[in-house]
Amino acid sequence: MNQNRARKTFSYKDKEISSYLNELGGINLESSHYLLITAGSNNSAKKSFLSRVEKQRGELKEISLRGIITTDEKESYKNIDQMFSYIGETEKNLIFRHGDILTGEYTGFTYSHVRYATPQERYLLNKITNSERFVVIDLNDKESIDKTLERYAQAVVFFDEADSFFGKLKQISLNGHTFSNKRPAALEG
């Protein structure tokens, strides 16, 4: 386990992960929030980990960011506001799927070595900060974690593929890019 300021960083295989999961049940969210980033393409390990999180925190309300985040900043802000109005005060545990869309899928910075926070990402993170909620942002590509996400997160858990030959083939990168982001097809017309 690496610790950077208050943020904890784990691999899902780390021995400390069990004690970390036990701590999640005692988190007080009054006048605060908790942001956990799950990153990597090992979906079976993520599923197992998230079920253990739910045992500690309660059910996670799943929300896909694909229908909320768009290339239009103002539309995204409106969608984020509507989402938080829709979930109201009752849902205290959220998981945002397709978090890679926040970190550059729609910007020119997608293939650069340095990832920059998009305005949509900063807006959502500010909403989370003031929400008094436990939030998981799920990223398929661990390279999608930018400095802004790192600053806001209390913990990051990496889910790398298994150490098999085929798992290693999936981790091939070219010039620092892993090619795991799935952009929607361009509109024809």
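Helices here are DSSP runs of H or I with at least four residues, and strands are E runs of at least two, both numbered from the N terminus. With that in hand, T148 has its place in helix α5. Bear in mind that this is a predicted model.

Is T148 buried or exposed? T148 has a relative accessible area of 9%, and buried means under 20%, so T148 counts as buried. Leaving aside residues up to four places away in sequence, T148 touches A117, E121, R122 and L125. Two of those names, E121 and L125, come back in the next part, as buried residues of α4.

**Helix α4**

Helix α4 covers residues 119-129, and its buried residues are Q120, E121, L124, L125 and I128. Looking down the axis of α4, you'd find these buried residues within an arc of 130°, so they line one face of the helix. What do the buried residues of α4 pack against? Their partners are the strands β3 (34-39), β5 (93-97) and β6 (134-139), along with the helices α3 (73-87) and α5 (147-152).

**Where α1 meets α2**

Another helix pair to look at is α1 (residues 17-24) with α2 (residues 43-57): their axes come within 8 Å and cross at roughly 35°. On the α1 side, the contact is made by I17, S18, Y20, L21, N22 and L24, while α2 brings in F49, R52, V53, Q56 and R57. Sorted by type, the residues of this contact are six nonpolar, three polar and two charged.

**Two positive phi values**

S31 and H98 are worth a quick check if you're going through backbone torsions. Phi of S31 is positive in a residue other than glycine, and the positive phi of H98 is likewise in a non-glycine residue.

**The chain as a whole**

Zooming out, the protein chain has six helices and seven strands. Starting from the N terminus, the order of elements is β-β-α-β-α-β-α-β-α-β-α-β-α. Of the 189 residues, 42% are buried. The accessible surface of the chain is about 10700 Å², with 49% of that belonging to carbon and sulfur atoms. As for contacts with a separation of 6 or more, 79% are between residues 24 or more positions apart.

Definitions and conventions. Residues are numbered from 1 along each chain as its sequence is written. This is a predicted model: local features need pLDDT of at least 70, side-chain atom pairs count only at pLDDT 80 or more; totals for chains, interfaces and linings use all residues. Side-chain values use heavy atoms; hydrogens and water are left out. Buried means under 20% relative accessible area, exposed over 50%, partly exposed in between (1.4 Å probe, protein chains only). The arc is that of the directions from the helix axis to the C-beta atoms. Contact means heavy atoms within 4.5 Å. Axes are lines fitted to C-alpha atoms, for helices over the stretch in contact, and angles run from 0 to 180 degrees between N-to-C directions. Ala, Val, Leu, Ile, Met, Phe, Trp, Tyr, Cys and Pro count as nonpolar, Asp, Glu, Lys and Arg as charged, and the others, Gly among them, as polar. Accessible areas come from the Shrake-Rupley method with a 1.4 Å probe; for residues, only the protein chains shown count as cover.
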